Amino acid sequence: MAMAAPEFYKDVVTWVNWVIFWVTLAIEVVAFVHCLTQRADAFPAIGTLSKAAWVGLIFGTTLLALVLSLGSLGLLSLIAAGVAAVYLLDVRPALRDVTDGRGPW
């Protein structure tokens with residue numbers, strides 16, 4: 001009688017989901033804190049949403065992902081990570097250029 005390989009794939013999937021969840025949560029928190037610390041008058045200068053809108057989007061999607069996903073990797077967690085990534089990869093560099101005075105504004 002041959003022995004079957006141990007079924008540990010469920011444990012691996014669980015751990016990978018937890019790692020992805022915590023990494024996305026860290027990205028969302030970094031985006032939220034960065035958005036809170038920026039000047040409100042810099043947002044209209046780059047032609048994006050207002051500071052209040054970005055704070056609301058990041059906070060709202062992160063809160064919904066935490067409450068409704070209950071620590072697992074769900075669709076809302078990925079949406080929240082997407083909102084935070086758009087802020088960090090698109091809005092943050094433009095804000096840095098505006099506040100440093102090196103941008104074309």
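Predicted model: local features only at pLDDT ≥ 70, side-chain atom pairs only at ≥ 80, totals over all residues.
**Overall make-up**

The protein has 4 helices and 0 strands, and its pattern along the sequence is α-α-α-α. It consists of 105 residues, of which 30% count as buried. Contacts between residues at least 6 apart in sequence can be sorted by separation: 62% of them join residues at least 24 apart. The protein exposes about 6900 Å², and 72% of this area is supplied by carbon and sulfur atoms.

**Helix H4**

Helix H4 covers residues 75-100, which is 26 residues. At 1.5 Å a residue, H4 should span 38 Å, and its end C-alpha atoms lie 36 Å apart, which agrees. H4 also has a kink of about 35° at Val-91, shortly before the proline Pro-93.

Which residues of H4 are buried? They are Ser-77, Ala-80, Ala-81, Val-83, Ala-84, Tyr-87, Leu-88, Val-91, Ala-94, Leu-95 and Val-98. In an α-helix there are 3.6 residues a turn, so residues three or four places apart point the same way. Val-91, where the kink lies, is itself one of the buried residues. The cover over the buried residues of H4 includes helix H1 (9-36), helix H2 (42-45) and helix H3 (51-69).

**Aromatic side chains**

The structure holds 5 aromatic pairs. Elsewhere, Trp-18, Phe-21 and Trp-22 form one aromatic cluster.

**The salt bridge**

How many salt bridges does a search of the whole structure find? The search finds 1. The side chains of Asp-41 and Arg-39 form a salt bridge, with 3.0 Å from N to O.

**Accessibility of the paired residues**

| Residue | Relative accessibility | Class |
|---|---|---|
| Phe-32 | 22% | partly exposed |
| Phe-59 | 44% | partly exposed |
| Arg-39 | 47% | partly exposed |
| Asp-41 | 49% | partly exposed |

A residue counts as buried under 20% and as exposed over 50%, with partly exposed in between. Phe-32, at 22%, is therefore partly exposed, and Asp-41, at 49%, is therefore partly exposed as well.

Definitions and conventions
Residues numbered from 1 in each chain as written. Heavy atoms only, no water. Helix = DSSP H or I, 4+ residues; strand = E, 2+ residues; numbered from the N terminus. Buried < 20%, exposed > 50% of the residue type's maximum accessible area, 1.4 Å probe, protein only. Contact = heavy atoms within 4.5 Å. Areas by Shrake-Rupley, 256 points an atom, 1.4 Å probe, with all protein chains shown as cover. Salt bridge = Lys/Arg side-chain N within 4 Å of Asp/Glu carboxyl O. Expected span 1.5 Å × (residues − 1). Bend = angle between axes of the 7 residues up to and from the residue. Phe/Tyr/Trp six-rings, centres within 6.5 Å; stacked < 30°, edge-to-face > 60°.
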